[in-house]
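Student: I have a new structure to read. Can you take me through it step by step?
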Amino acid sequence: MLDLSQIIKAYDVRGVVPDQFNEPVARVIGTAFVEMLRESGDEPDQIVIAHDMRESGPGLAAAFAQGVNAAGAGVINIGLGSTDQLYYASGSLNLPGAMFTASHNPAQYNGIKLCRSGARPVGQDSGLAVVRQRAQKLLGDLNAEADGPSRVEERNLLGAYAEHLRSLVDLSGIRPLKVIVDAGNGMGGYTVPAVLGDQVLPALPLTIAPLFFELDGSFPNHEANPLDPKNLVDLQNAVREQGADIGLAFDGDADRCFVIDENGDPVSPSAITALVAARELAKFPGSVIIHNLITSAAVPEIIHELGGKPVRSRVGHSFIKAEMAETNAVFGGEHSAHYYFRDFWFADTGMLAGMHVLAALGGQDLPLSEFAAEYERYSASGEINSTVADVPAKIEEVRAAFPDADVDTLDGFTFQVGDGAWFNLRASNTEPLLRLNVEAQDAARMASLRDDVLAIVRG
C-alpha cells in the first residue's frame, strides 16, 4: 500500500502520477478532507475545486469529488484555473477549496493545495496531518469504497475572477505599455487574456505579446519555474528584441509572478515587495506589511520610511498567511515571488502583484529599470542550494567561523556579520540540502561573503 507521508507534506500534496499519486489516492483524500473539516468545527456543504493544465488533472479532480460526495458534501467544479483563481472562488463563495496542481514541478507530477473557507491555508499544523492520517486509513480500509450520491455542479468563474482583480487595481488610466508575458505553457496562458486582455472585459492600455500561452502540462519550451534563471532567458530575449516596457513570467499554476525590466534584467522579488508595499501604504497609511526573513534589508527600511510597520516572518505561505491574519496586514511578500493581499483574503496572487507593477510603471514616465532602482539598495546572492550529508555539523562549522556574528534562529540561522552584511542558512524540510542567502552593501562584499560560507558548507 502507498505511504501517503511521501506525498502529503508540510504545505500540500505532491507526487509522481500514477506511482505515488493516483485517482484512488485522490478519492480518499477528498473524503478525509471533509472529515477533517467537520472534526475541526466546520460544516462544509460544498467544496470548490479546480485543476491546472496537467493531463492528469481532470481525472484526479473527479476522483477527489467522488470522495467528497462519499463524505456527504457537494462539489462546485470550476474546471481549469490558476491557484489564485481557486483562492478567489474559495474566498468569494466562502467555501473550502482544492486546487489540483504541482505548481512548477516537472510534467510527471501532480498535487493538491487545500484551503478552508475564505481561502484560509491548510498546512501540517492546521489540518493536513489529520487529512494524511485519515486518508491513509481509508486507503487500507476495504469497506471505504461506498459512493455517496453524485453532487457536482460545474461553474465558470473566470470572468468574475478577472472583474474582481480589475476592481482592486485600476489600469484604465495608465500610459500605454507593451508587456511580454511568458506563461511557460502554464495557467497564465488562460488567465492573462481574461484579466489583462479584452477576452471578457474592456481593453486596457496594454499591448500583450504572449510567449507560450498554449496550455501544455508537458512544458515543451521550458520548465514553468521562473525562479530558475535559465527559464527566464526566452522572456529576456523577447523583451530586448521587441523593445517592450516590461516582461512578466508566471509559474505553472500562475500564483507567482516574476518581473523583467526593459533591458531584459530581472527586478528582484524584494524590490517588487517594497514597490507594492509603497502602493498599499499610500492607500492604507500605517498598515502592517509582512516580509519573510530572506527578503532584502531594503524592504523593512522602506516600509519604515513610508510610515508602515514591517513584520518579519518565517519562509512559507502558511506562516505568511497566519501572520497576515493575526496582524491584519495589508500586504506580504516573499523572496520567491509569492505576494499576499488583505483584499484577496490574505492569499497569494501573482496576477494582482503584476497588476500593481503595471499600474506603478504606467503611472509615471521613467523606464522600469530607473523606476525600480529606488527599491534595489543592496546586492543579494539569491538562494543557493548545497547537498550536505550532516546538516547540523555544517551549521556548527559555520557558527565557529563567525564567532562575532549576531545570530537569530527564527527560520534556520541568520548571521549579521557587520557593515550591513548578513546571510541565512536554512535546512530543507525534504532533502539533505542547506539553502544559503547572502546580502551585502555591494556586489564585491556579497560575493566574498558568499564564497567564504560556501567554502565551509561544501568543503
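Tutor: Let us start with one pair of residues. This is a predicted model. In it, isoleucine 289 sits opposite phenylalanine 331 of strand β15.

Student: Which residue is the bridge partner of histidine 291 in β15?

Tutor: That is glycine 333. Both pairs belong to one strand pairing. Strand β13 and strand β15 (residues 331-333) are parallel, with three bridges.

Student: With which other strand does β13 pair, and over how many bridges?

Tutor: Strand β14 (residues 309-313) pairs with β13 over five bridges, again in the parallel sense. Look for asparagine 292: serine 313 in β14 stands opposite. Now follow the chain between these two strands. From β13 the path goes through helix α9 (residues 298-305) to β14. This β-α-β crossover is right-handed.

Student: Is β13 mostly covered or mostly open?

Tutor: Apply the cut-off: a residue is buried when its relative accessible area is under 20%. Strand β13 spans residues 288-292, and five of its five residues are buried, leaving the strand mostly covered.

Student: Which way do the residues of β13 point?

Tutor: Val288, Ile290 and Asn292 point one way. Ile289 and His291 point the other way. Both groups are buried.

Student: In what order do the strands of this sheet lie?

Tutor: Read across the sheet: β14-β13-β15-β16-β17. These five strands make an open sheet, and the pairing is mixed. At the edges are β14 and β17 (347-348), each pairing on one side only.

Student: What is the order of strands in the open sheet that includes β8?

Tutor: The order is β9-β8-β10-β11-β12, five strands with mixed pairing. The edge strands here are β9 (206-211) and β12 (266-267). Each has a single partner strand, so one side of each has no neighbour in the sheet. Take the β12 end. Strand β11 (residues 257-260) and β12 run antiparallel, joined by two bridges. Isoleucine 260 is opposite proline 266 in β12.

Student: What does the record say about domains?

Tutor: An unreviewed UniProt entry carries the annotation "domain: Alpha-D-phosphohexomutase alpha/beta/alpha" for residues 6-126, 160-264 and 272-378. Compare the first two ranges by their contents. Residues 6-126 are 35% helix and 26% strand, with the end C-alpha atoms 19 Å apart. Residues 160-264 are 26% helix and 20% strand, with the end C-alpha atoms 33 Å apart.

Student: How is empty space found?

Tutor: A probe the size of a water molecule is rolled over the atoms, which shows where empty space is left. Here, the second largest pocket holds about 280 Å³ of space. Its lining has 13 residues; Gly123, Gln124, Asp125, Ser126 and Ser318 lie nearest the centre.

Student: Which elements give two or more residues to that lining?

Tutor: They are β6 (120-121) and α10 (317-327). Helix α10 gives the largest share, three residues. By class, the lining of this second largest pocket has five nonpolar, five polar and three charged residues.

Student: How many cavities of 30 Å³ or more are there?

Tutor: The count is one. The largest cavity has about 30 Å³ of space. Among its lining residues are Asp182, His222, Glu223, Asn231 and Phe250. That lining has four nonpolar, three polar and two charged residues.

Key: Residues are numbered from 1 along each chain as its sequence is written. This is a predicted model: local features need pLDDT of at least 70, side-chain atom pairs count only at pLDDT 80 or more; totals for chains, interfaces and linings use all residues. Side-chain values use heavy atoms; hydrogens and water are left out. Buried means under 20% relative accessible area, exposed over 50%, partly exposed in between (1.4 Å probe, protein chains only). Helices (H or I, at least four residues) and strands (E, at least two) are DSSP runs, numbered from the N terminus. Two strands pair if DSSP finds at least two bridges between them. A crossover is right-handed if, with the strands pointing away from the viewer, the path from the first strand over the helix to the second runs clockwise. UniProt positions are given in the numbering used here, feature names are shortened, and annotations may be inferred rather than shown by experiment. On a 1 Å grid over the protein atoms alone, a cavity is a set of points where a 1.4 Å probe fits but cannot get out, and a pocket is an open set with protein on both sides within 12 Å along at least five of seven lines; lining residues have an atom within 4 Å of a point. Grid points are joined across faces, edges and corners, and a volume is the space filled by probe spheres set on the points. Ala, Val, Leu, Ile, Met, Phe, Trp, Tyr, Cys and Pro count as nonpolar, Asp, Glu, Lys and Arg as charged, and the others, Gly among them, as polar.
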